[in-house]
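Student: Hi! Could we go through this one together? I'd like to talk about aromatic rings and helix packing.

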Amino acid sequence: MNVLVWFRNDLRVTDHPALALAAEARVLPLHIIDPEDWAESARSARQWMFRAECLVELRETLARLGAPLAVRVGDPVAVLDTLCRLHRIRRILCLEDAASRATDRRVAAWAATAGVELVVVPQGPGAPAALSPVPAVEPGPIPPPRALRLAEDRCPHRQPGGREQGLLLLQGFLERRGEAYREARDRPLLAERLSSRLSPHLAAGSLSRAEVAEALARRLAERPGPGWTRSLAAFRTALAQTAEGAAPSDTGADAAHLGAFQRAETGLPFVDAALRCLDATGWLPARMRAMLASVALHHLGLPQRPAGAALACRLTDFAPPVHWAQMERAAGRGPADPIALAAVLDRDGRFTRRWLPELADVPDALLQEPWRWTGARRLLGHRYPEAVVDPASTAREARRRLMRRAAGTADLVDWRGARPARARRVPVSPAQLHLDL
């Protein structure tokens, strides 16, 4: 029997029970690129380039096992219908994937009428030793970003894709970098070096959560010391967290505010520094992502979909169910205070100054509030934009809106009289936005 194994966000051979189940038949491994998905505003070339590098390595690995990966561009139902008829396939196997559930429903409806069995396999262990290929299958090219009509996307410090890169990151984190994870994970200049940086590999599935958890358990079993134990326990908690959400349909964003956010020109230094860092690297610590989401939603008044898309397109590790769930969470929480948060996470201002060199002349004490500086007149509106909103007044109004919405609930937080400049008042979610890893 000929069996098609459909790879989605599981671009690996290890921990792939669907591929293992197919090993006794002739196998057609397939990845489908849906142009409609990649046309979404949350998508970007940096995401595709990372995924393309994963696909290149997956194709090579499958070829060594005997059945190279086929890649097709098109609507999934149309692609599967064509391949099943052409190669006499009566069974499709794929791994369960929260991001693919809407597509799965469409494919299941087609399969029921086409006489094809669709089997969605739960995530779990399994790996084939060898594969027998369905004959005469053209592998097909892995297209460049321009073929998917993705705009040029300069991300000079983007992480490279591929399982080998993910394994090296995992090894380096568990053996050298991870001891300070617990203290460093929220601080931008430390987190970029001392976090695992595994989130894009988990989003694309070049690594499985299970194998990362297993490697983590082995490292903890070695009793590496109290610092290591605390940090790896915090990492284990982050790894276990899951969230699911769907993109909302809201539209109608304020064009000026959305444009300022997209260009990293809000006039709020810590926000703009974080956005520039995200532009250049495709990654930020979770607490700073939560801050950006909160500022976009509460201070700039942007709806969830355009705000979320403006963040998502910058993320190499964009995973739709996680991202949209966290945007929903940010919308329901109190507004973050970027000035107070900078005092906690960027105490010496090095992160802000690194990404905003135009603020070099601003004194340290006024770095996050340059409008209070005596030299603001020659700086703001010239080398650096004026703030598009007053963060204090927009935070007050956002809290009023949330209180009106939650009126009568027992768990309502009363923010009246709060002093937003105090670091302990920063209402930023400690939960992940795209895997705090």
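This is a predicted model: local features need pLDDT of at least 70, side-chain atom pairs count only at pLDDT 80 or more; totals for chains, interfaces and linings use all residues.

Student: What kind of pair do the rings of F270 and F351 make?

Tutor: An edge-to-face one, because the planes stand at 75 degrees, and over 60 counts as edge-to-face. The ring centres are 5.9 Å apart.

Student: Which parts of the chain does that pair tie together?

Tutor: F270 belongs to helix α13 (residues 269–281) and F351 to helix α18 (residues 350–355), so the pair joins parts 81 residues apart in sequence.

Student: How many aromatic pairs does the structure hold?

Tutor: Five. One of them is F173 with F235, a tilted pair with 4.8 Å from centre to centre and 50 degrees between the planes.

Student: Where do F173 and F235 lie?

Tutor: F173 is in helix α6 (residues 163–177), and F235 is in helix α11 (residues 226–240).

Student: Is F173 buried or exposed?

Tutor: F173 is buried, at 0% relative accessibility. F235 is buried too, with a relative accessible area of 0%.

Student: Which residues are in the cluster with F173?

Tutor: Ring pairs link F173 with Y181 and F235 there.

Student: New topic: charges. What sits over the ring of W6?

Tutor: The charged end of R8, at 4.6 Å from the ring's centre. Another case is R43, which lies over the face of W38, 4.5 Å from the ring centre.

Student: Now helix packing. At what angle do α14 and α15 cross?

Tutor: Roughly 145 degrees. Helix α14 covers residues 286–299 and α15 covers residues 304–312, and their axes come within 10 Å.

Student: Left-handed or right-handed?

Tutor: The crossing of α14 and α15 is right-handed.

Student: Which residues make that contact?

Tutor: From α14 there are R289, L292, A293, A296 and L297, while α15 brings Q304, A307 and L311.

Student: How do the residues of the contact divide between nonpolar, polar and charged?

Tutor: Six are nonpolar, one is polar and one is charged.

Definitions and conventions: Residues are numbered from 1 along each chain as its sequence is written. Side-chain values use heavy atoms; hydrogens and water are left out. Axes are lines fitted to C-alpha atoms, for helices over the stretch in contact, and angles run from 0 to 180 degrees between N-to-C directions. Helices (H or I, at least four residues) and strands (E, at least two) are DSSP runs, numbered from the N terminus. A crossing is left-handed if the near helix is turned anticlockwise from the far one by less than a right angle, and right-handed if clockwise. Contact means heavy atoms within 4.5 Å. Ala, Val, Leu, Ile, Met, Phe, Trp, Tyr, Cys and Pro count as nonpolar, Asp, Glu, Lys and Arg as charged, and the others, Gly among them, as polar. Rings of Phe, Tyr and Trp (its six-membered ring) pair if their centres lie within 6.5 Å; planes under 30 degrees apart count as stacked, over 60 as edge-to-face and the rest as tilted. Buried means under 20% relative accessible area, exposed over 50%, partly exposed in between (1.4 Å probe, protein chains only). A charge sits over a ring if NZ of Lys or CZ of Arg is within 6 Å of the ring centre and within 35 degrees of the ring normal.
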